[in-house]
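Morning, everyone. I'll take the ligand shell, then the strand and the core behind it. Here is the model.

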Amino acid sequence: MSQTRLSNTPMAHIESLPINVSVVSQMIKQEVTLTGPSEELRSALLAMAEEYQAAGDDRYKSAIKDFSAFMHDLELYAQGLDLPPGWVQATTFWLVCDNHIIGRSTLRHHLTPELEREGGHIGYDIRPSERRKGYGTLILKLTLEKAMSLGLSRVLVTCDADNLASARIIEKNGGKLQGQVISDRSGKVVSQYWIEL
Ligand SMILES: CC(C)(COP(=O)(O)OP(=O)(O)OC[C@H]1O[C@@H](n2cnc3c(N)ncnc32)[C@H](O)[C@@H]1OP(=O)(O)O)[C@@H](O)C(=O)NCCC(=O)NCCS
């Protein structure tokens with residue numbers, strides 16, 4: 001009797017599907033990967049740069065100005081060539097899903113006394129429209145795997161003490177607060193975390 005009633009409702013059709021819609025949407029969800037910069041992602045990178053600019057943040061303005069020069073510089077940094085004073089060899093990664101760039105991380109291959117105070121081994125950012133979805137936590141996790149592949153056994157990550165999101169990301173990835181200093185650049189308190197790999 002109850003079966004007859006069910007078959008007369010719209011829900012009966014949905015319940016008779018072999019798998020439900022949310023499972024299907026999860027199955028077709030694209031994989032998120034951490035990958036090296038690529039010319040093929042030019043329009044994706046520029047879309048991210050423009051989103052930042054619209055949000056009042058011009059951190060990718062050099063890419064908008066001259067994408068080829070921007071990519072060339074990334075390549076030079078990755079190889080440790082022609083570095084500006086105080087810079088060290090550093091590899092950049094993009095967090096990508098289905099040709100859409102979600103964020104960027106940079107892995108410095110070693111520290112200088114200045115980076116030991118502020119800057120550390122790893123920096124990252126997630127584009128404004130993709131924040132608060134767990135990607136910040138993911139990009140650090142995946143970049144730590146790259147650090148391990150590079151042969152590092154412990155990694156320093158620093159953030160402004162008032163950057164609560166970044167502090168949380170570092171702690172969720174095993175960061176232990178070792179100290180705090182006043183930034184020479186901003187005058188703000190900077191927290192220094194070490195992560196054992
Ligand atoms: C910091 C940043 C990377 C965070 O990225 P995100 O993708 O939003 O981070 P997640 O979604 O993984 O969130 C990590 C944690 O921070 C919390 N969080 C995120 N944004 C927050 C905010 N504005 N204020 C307080 N907490 C916040 C989240 O709730 C989460 O904590 P939970 O797991 O306990 O819930 C991003 O805001 C960013 O790119 N900022 C500008 C660049 C920057 O500050 N980089 C770090 C330099 S050290």
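By class, the shell around the ligand has seven nonpolar, six polar and five charged residues. Nonpolar means Ala, Val, Leu, Ile, Met, Phe, Trp, Tyr, Cys or Pro; charged means Asp, Glu, Lys or Arg; the others, Gly among them, are polar. This is a predicted model: local features need pLDDT of at least 70, side-chain atom pairs count only at pLDDT 80 or more, and totals for chains, interfaces and linings use all residues. Numbering runs from 1 along each chain as its sequence is written.

Which residues are closest to the ligand? Arg131, Gly136, Thr137, Cys159 and Ala165, out of 18 that surround it. A residue counts if its C-beta atom, placed from the backbone, lies within 6 Å. Strand S4 (122-126), helix H8 (135-149) and helix H9 (164-172) each give two or more residues to this shell. H9 has the largest share, five residues. Helices (H or I, at least four residues) and strands (E, at least two) are DSSP runs, numbered from the N terminus.

Now strand S5, residues 154-160. Five of its seven residues are buried, so S5 is largely enclosed by the rest of the structure. Buried means 20 or more other C-beta atoms within 10 Å of a residue's own. S5 pairs with strand S7 (189-196), antiparallel, over seven bridges; pairing takes at least two DSSP bridges. Cys159 stands opposite Ser191 in S7.

Last, the largest nonpolar core, with 27 residues. Such a core joins buried Ala, Val, Leu, Ile, Met, Phe, Trp, Tyr and Cys residues through C-beta atoms within 7 Å. Ile122, Leu140, Val155, Val157 and Ile170 touch the most other members.

How values were computed. A residue is buried if 20 or more other C-beta atoms lie within 10 Å of its own, exposed if 12 or fewer, and partly exposed in between; C-beta atoms are placed from the backbone.
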